[in-house]
Amino acid sequence: MSKANILWTEKYRPKTLHEIIGQKNAVEALRRWLNDFLKGKTRKAALLYGPPGSGKTAAALALCNDYNLDPIELNASDFRTAKSIESFLLPSLSSLSIFDNKKKLIIFDEVDGLTKSEYSAVRSIRKIIESGLCPVILIANDPYKPPLSQLRDIVVEIRFYRLPWSLVVRVLNEIAAKEKVKVSPVVIKKIASVSHGDLRAAILSLQGIASLKDPSEGSRLLMSRDLEKNIFDFLSALFLGSPEAAKSVLRTLDVDYSMLLRWVEENFPSVCSSPGEIECCVDKLSKASIFEKRITETGSWRFLSYFFDMLVFSSSCRTKKLGTRPRFRYPSLIKMLSKISSEEGYKKSVSLKLAKALHCSSKTIMKDFLPLIQFILNDETKISLFARRYNLDKKTVKKLVAQY
Amino acid sequence: MWVEKYRPKRLSEVCNQEEVVKVLKGFVERRNMPHLLFAGPPGTGKTTVALCLAYELFGEEGFAANYLELNASDERGIDTIRSKVKNFSRASPIGDIPFKIIHLDESDNLTADAQQALRRLMEMFSATCRFILSCNYSSRIIEPIQSRCMLLRFMPFEDKVVRERLLYIANNEGVKIDDKALEAIVSAAEGDLRKAINVLQASASISEVVTEEIVYKVLGRVSPVKVKNMIELALKGDFIAARDVLRELLWKSGFSPMDIIAQIKREILRLDSISPKVKADLIDYLGEIDYRIVIGSHEDIQLSAFIARLCSIGEKYVKS
């Protein structure tokens, strides 16, 4: 593997515990545990748990490095039965005293990945821990999963936390500087915020974006292009294929549901051939909207499947066969609303002031009064008087009058 | 603004709400009052009556220090209300009336949680502070609050009263208005005097002689008259164009779905291109849509379902 192909997550993996960021308490606890173990004060294993990409494996490996131990890494999902674990581990453990001066440390990664039929592996893990032959580290995301709860009495629990956004940004900046890639601060921040404290995912995204031709405008394009591609796939499946095909695309989509509804709403009229078909389609969309409300009202996701069904069966109202994929359009309503909301700000602030003076709500002002303002304030003097009377900026009032 | 200029200053100047005024005058005489709940449609004088009451109790000098008006739809957060109410009522009242008054306008916009918090505040401060809550529908106020208040109902202004008031203002401002124009404002206002006065002022700004034509031009801005246009487009089968009008009404002009539904109903009943049987079916479906707006997420999609129905009705039944 050439150097350029190395994953940055490997390349920048911390070598010592000092380089582990954002997990001060966990790192201290880990040191304390290993010191105790080496002094014979405890035989317990360490259970490192926490969200993905928070540094658990990295800390275990850095610990070995710091204490000059030889890590034996076992991905629990690879060694699923008691037999395979014992046949692999026990020989290497008994041989260690004869051939090698270097002490070992066993790392069981992804312990919570064991399925029910594989729980026998837990017994061998217990056996190895109880033998006290060498220190053992267990790693998991969820410490409350059943196989782990059986080991609770023989582990020291050490918790790792999701990394704060600012730390992720710092690490990404450092790596970008070392790799001499130009990625704008905006993009870095965006990567950090979509990674939700998962440093591994963040570093991988950074590497992906840095390999683009123009990393300076990377992430936004990358993400939005994916999103639109997904929606277009969905609409094609819906209008050219079948409701079932559309549903299978839906399952892989990560889109806001209201947004999805808007996309269908925007694009269905052009593929309908009669008012009757349009009526049937909108009726289904209207029902989809009702199921969406039921999800939020009851907090129960089981209504999501009905939402999906109504959404995709809207297309079964149509009879027109499409030869080629139509040109899909971005929801015009969303465009309209974002334009309106950019104008809303100052209208709202003017309305609030007027509402106080006229003893009503800003809503009443916006609905009943502002639409009349161009008639009432039909010359300069009136505008000036009005602005002074209600303590408003004259320019703002003018802008308002022009708007209506 | 004429609504402000012609707002009554004294309870005796308030028209149409005789019952309410009688009760409030009693409070002024006895210099005491319970918590009050004003219920009634917009533009029927709730805010004005509260202002008059406070003015007569506290007088010109005590008014500002002892009367606080908060609009619940603008100061939604219970925290703002709580801190403002607390700060206001903490200092003892100035003058010889032993309490202050807080008027919470549009209280039906308060969430149930906020109302619960308010209920406790009403108890805590009842010694030094009286509350007036006003709302459009008393049913949206939780029962524990209702039971702590005296309920006073405000009736929509009778057309006769609106007419008289408009004529009085027109005379005073030197505006000429013909009978037809006056009737157009009165019937569109539907008992909402604030709206009527605003429309009169806007019309008078266009021309010193107010005609029916001018009034309709103004009304188009504050009533969903474009609904008619929307229905015509839909019956011609142009779904997209009709939906665009709907979106404009909802988001550009800011009409509520309820305003639009009410106007649709009026227009449908007025249509002579469709038979009574089809009309009945349409109104039936409109009721269904009205309900779906309550139970669904997207008001506009529900309304566009009605537009789509109109499109297909138009194709089937309407002779061009």
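In this predicted model, 52 residues of chain A are in contact with 52 residues of chain B. Together the two chains bury about 4,500 Å². Chain A also holds an open sheet of 5 strands.

**The interface**
- Carbon and sulfur atoms account for 54% of the area buried between chain A and chain B.
- E279(A), H359(A) and F375(A) supply 15% of what chain A buries against chain B, more than any other three residues.
- There are 7 salt bridges between chain A and chain B.
- D74(B) forms a salt bridge with K348(A), and their closest N and O atoms are 3.9 Å apart.
- Polar contacts link 25 residue pairs across the interface of chain A and chain B.
- Several helices of chain A give two or more residues to the side that touches chain B, among them α12 (257-267), α13 (275-298) and α15 (332-358).
- The most comes from α13(A), with 14 residues.
- By class, this side of chain A has 25 nonpolar, 11 polar and 16 charged residues.

**The sheet in chain A**
- The strand order is β2-β3-β4-β1-β5, and the pairing is parallel.
- β2 (70-75) and β5 (155-159) of chain A each have a single partner strand, so one side of each is left without a neighbour in the sheet.
- From one strand to the next, the twist averages 20°.
- Strands β1 (residues 45-49) and β4 (residues 136-140) of chain A are joined by 4 bridges.
- L47(A) has L138(A) in β4(A) as its bridge partner.

**Helices on the sheet**
- Helix α2 (residues 24-38) of chain A touches β1, β3, β4 and β5 of chain A, and makes about 160° with β5(A).
- Helix α5 (residues 120-131) of chain A lies across β1, β3 and β4 of chain A, at about 145° to β4(A).

Note on methods. Residues are numbered from 1 along each chain as its sequence is written. Chains are lettered from A and ligands numbered from 1 in the order in which they are written. This is a predicted model: local features need pLDDT of at least 70, side-chain atom pairs count only at pLDDT 80 or more; totals for chains, interfaces and linings use all residues. Side-chain values use heavy atoms; hydrogens and water are left out. Two strands pair if DSSP finds at least two bridges between them. Axes are lines fitted to C-alpha atoms, for helices over the stretch in contact, and angles run from 0 to 180 degrees between N-to-C directions. Contact means heavy atoms within 4.5 Å. Buried area is the accessible area (1.4 Å probe) that two parts lose on being put together, summed over both. A salt bridge is a side-chain nitrogen of Lys or Arg within 4 Å of a carboxyl oxygen of Asp or Glu. A polar contact is a pair of N or O atoms within 3.5 Å; within protein, one must be able to donate a hydrogen and the other to accept it, and residues adjacent in sequence count only if both atoms are side-chain atoms. Ala, Val, Leu, Ile, Met, Phe, Trp, Tyr, Cys and Pro count as nonpolar, Asp, Glu, Lys and Arg as charged, and the others, Gly among them, as polar.
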